[in-house]
Every structure is written in C-alpha cells, then in structure tokens.
Amino acid sequence: LKVVPTSVSTCSVVMEGAVSKGGKKKKANVDNINVRLALVMKSGKANLGYKTALKSLRQGKAKLVLISSNCPPLRRSEIEYYAMLAKTAVHPYAGNNITLGTACGKMYRTSVVTVTDPGDSDILRSGPEAAA
C-alpha cells in the first residue's frame, strides 16, 4: 500500500504489486468447461433442469451431472445421492445458475445440467479435476 497525496485535503491509497493468486487459472478452467459444455450442447445430448436430471439418473442414462454453485443444499444432496446410486460422476460448476444456463447457450437459468451423450466433446474423459 502506498499513500499518495492528491491535493491538500485528500489522499489516495494505491495498491502496488497486487496480483490475484491463481485468478488466471480459475478463469482458464471455467472457460475450458464452458467450451466443452457448448460442444456437448451442439453435438451431444444434455438435459437441463432438476426434474429431468432425476429422471435420467433413475433410468441410468446420465453420464455426468453438473450442479451450479448456488443450487439449494437439499436439492444438491438429493442429486448427489441419486448419482451415487447410478454410479454417475457429479461435477460442481464454478458459476451460478445464470452462468450455467448461459454456458449451455440458453437465455434462461438452470441449476442442473445432465449430460446423456457427450457427442464430440471430451467432457467425460477429461475428468472433474481437469474440467473444474
């Protein structure tokens, strides 16, 4: 921190050398999952929404479930329980439900996206740690 006098009565505080720790990597990972999700929406099959996610998990068709960061805890735990029974991977999406819906190319928000067919995307092979 550096105090810089701007006039007689005021002073400005200037941050020198402030670099966000890991901010670039998180942005790159979010962009990475968004690109993969857009490819799934274009070439594969995905369901948006809570009810359709539960249906596809019960039928055993789901390959991957993405849950937004602001999904209610009870709903999140129910989806994770169904996914555990169906032996399906669950990936927490870094953004909220608005950005998840936008990443799917929709003009509305969604808290859950279920990938049933990845198409040309490698969203399943990359694993959650690479797609996070």
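Colleague: Which residues are exposed on the other side of H2?

Modeller: In this predicted model, Lys51, Arg58 and Gln59 are exposed there.

Colleague: And which residues of helix H2 are buried?

Modeller: Helix H2 spans residues 50–59, and its buried residues are Ala53, Leu54, Ser56 and Leu57. Viewed down the axis of H2, these buried residues fall within an arc of 170 degrees, so they line one face of the helix.

Colleague: What covers the buried residues of H2?

Modeller: The cover includes strand E3 (45–48), E4, helix H3 (73–86) and E6.

Colleague: Let us turn to the cores. How many residues has the largest nonpolar core?

Modeller: That core has 13 residues, and Leu37 and Val113 are those with the most contacts inside it. At least two of its residues come from each of helix H1 (23–43), strand E4 (64–67), helix H4 (97–103) and strand E6 (112–117). H1 gives the largest share of this core, three residues. Apart from it lies another core, of ten residues, including Ala53, Val65, Ile79 and Ala83.

Colleague: What is leucine 37 in contact with, leaving aside its neighbours within four places in sequence?

Modeller: Leucine 37 is in contact with Leu66, Leu100, Ala103, Cys104, Val113 and Ile123. As a general point, nonpolar side chains in soluble globular proteins tend to be buried together.

Colleague: Now the strands. Why is E6 described as largely enclosed by the rest of the structure?

Modeller: Five of the six residues of E6 are buried, so the strand is largely enclosed.

Colleague: In which sense do E3 and E6 pair, parallel or antiparallel?

Modeller: E3 and E6 pair in the antiparallel sense, over four bridges. Lysine 45 stands opposite aspartate 117 in E6. E4 and E6 also run antiparallel and are joined by four bridges, with leucine 66 opposite valine 113 in E6.

Colleague: A change of topic: how many aromatic pairs does the structure hold?

Modeller: The structure holds one aromatic pair. The rings of tyrosine 81 and tyrosine 82 have their centres 6.5 Å apart and their planes at 85 degrees, so the pair is edge-to-face.

Colleague: How does tyrosine 81 count in terms of relative accessibility?

Modeller: Tyrosine 81 counts as partly exposed, at 47% relative accessibility. Tyrosine 82, at 23%, also counts as partly exposed.

Colleague: Lastly, what lies over the face of tyrosine 50?

Modeller: Arginine 75 lies over that face, at 4.3 Å from the ring centre.

Methods. Residues are numbered from 1 along each chain as its sequence is written. This is a predicted model: local features need pLDDT of at least 70, side-chain atom pairs count only at pLDDT 80 or more; totals for chains, interfaces and linings use all residues. Side-chain values use heavy atoms; hydrogens and water are left out. A nonpolar core is a set of buried Ala, Val, Leu, Ile, Met, Phe, Trp, Tyr and Cys residues joined through side-chain atoms within 4.5 Å. Buried means under 20% relative accessible area, exposed over 50%, partly exposed in between (1.4 Å probe, protein chains only). Contact means heavy atoms within 4.5 Å. The arc is that of the directions from the helix axis to the C-beta atoms. Rings of Phe, Tyr and Trp (its six-membered ring) pair if their centres lie within 6.5 Å; planes under 30 degrees apart count as stacked, over 60 as edge-to-face and the rest as tilted. A charge sits over a ring if NZ of Lys or CZ of Arg is within 6 Å of the ring centre and within 35 degrees of the ring normal. Two strands pair if DSSP finds at least two bridges between them.
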